[in-house]
Amino acid sequence: MAKYKCTVCAYEYDPEVGDPDSGIEPRTAFEDIPDDWVCPTCGAQKSDFEPDEE
């Protein structure tokens, strides 16, 4: 599963970790996160994330 990076603050969403504080379980693919999820660091929209090519 690919990691995604916030284009606003560079927070990296790692699907192996998920975002437990927001109710996103580990091993949740980015595509499976609800559209109303926001960056836990800066509050940017899901649409502000891009695949992390690194």
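Q: Is K3 buried, exposed or partly exposed? What's its relative accessible area?
A: This is a predicted model. In it, K3 has a relative accessible area of 34%, so K3 counts as partly exposed.

Q: Which side chain does E12 meet in a salt bridge?
A: E12 meets the side chain of K3, at 3.8 Å from N to O.

Q: And how accessible is E12?
A: E12 is partly exposed, at 31% relative accessibility.

Q: What about D14, which side chain does that one meet?
A: D14 also forms a salt bridge with K3, at 3.9 Å from N to O. K3 is in the segment before β1 (4-6), while D14 is in the loop between β2 (12-13) and β3 (49-51), so the pair ties together parts that are 11 residues apart in sequence.

Q: Is D14 buried or exposed?
A: D14 is buried, because its relative accessibility is 19% and the cut-off for buried is under 20%.

Q: Which residues are linked in a network, then?
A: Salt bridges link K3, E12 and D14 in a network.

Q: Changing topic: what does K46 pair with?
A: K46 has a salt bridge with D35, and their closest N and O atoms are 3.6 Å apart. Both K46 and D35 lie in the loop between β2 and β3.

Q: Which of those two is buried and which is exposed?
A: K46 is buried, with a relative accessible area of 11%. D35 is exposed, at 67%.

Q: How many salt bridges does the count come to?
A: The count is three salt bridges.

Key
Residues numbered from 1 in each chain as written. Predicted model: local features only at pLDDT ≥ 70, side-chain atom pairs only at ≥ 80, totals over all residues. Heavy atoms only, no water. Salt bridge = Lys/Arg side-chain N within 4 Å of Asp/Glu carboxyl O. Buried < 20%, exposed > 50% of the residue type's maximum accessible area, 1.4 Å probe, protein only. Helix = DSSP H or I, 4+ residues; strand = E, 2+ residues; numbered from the N terminus.
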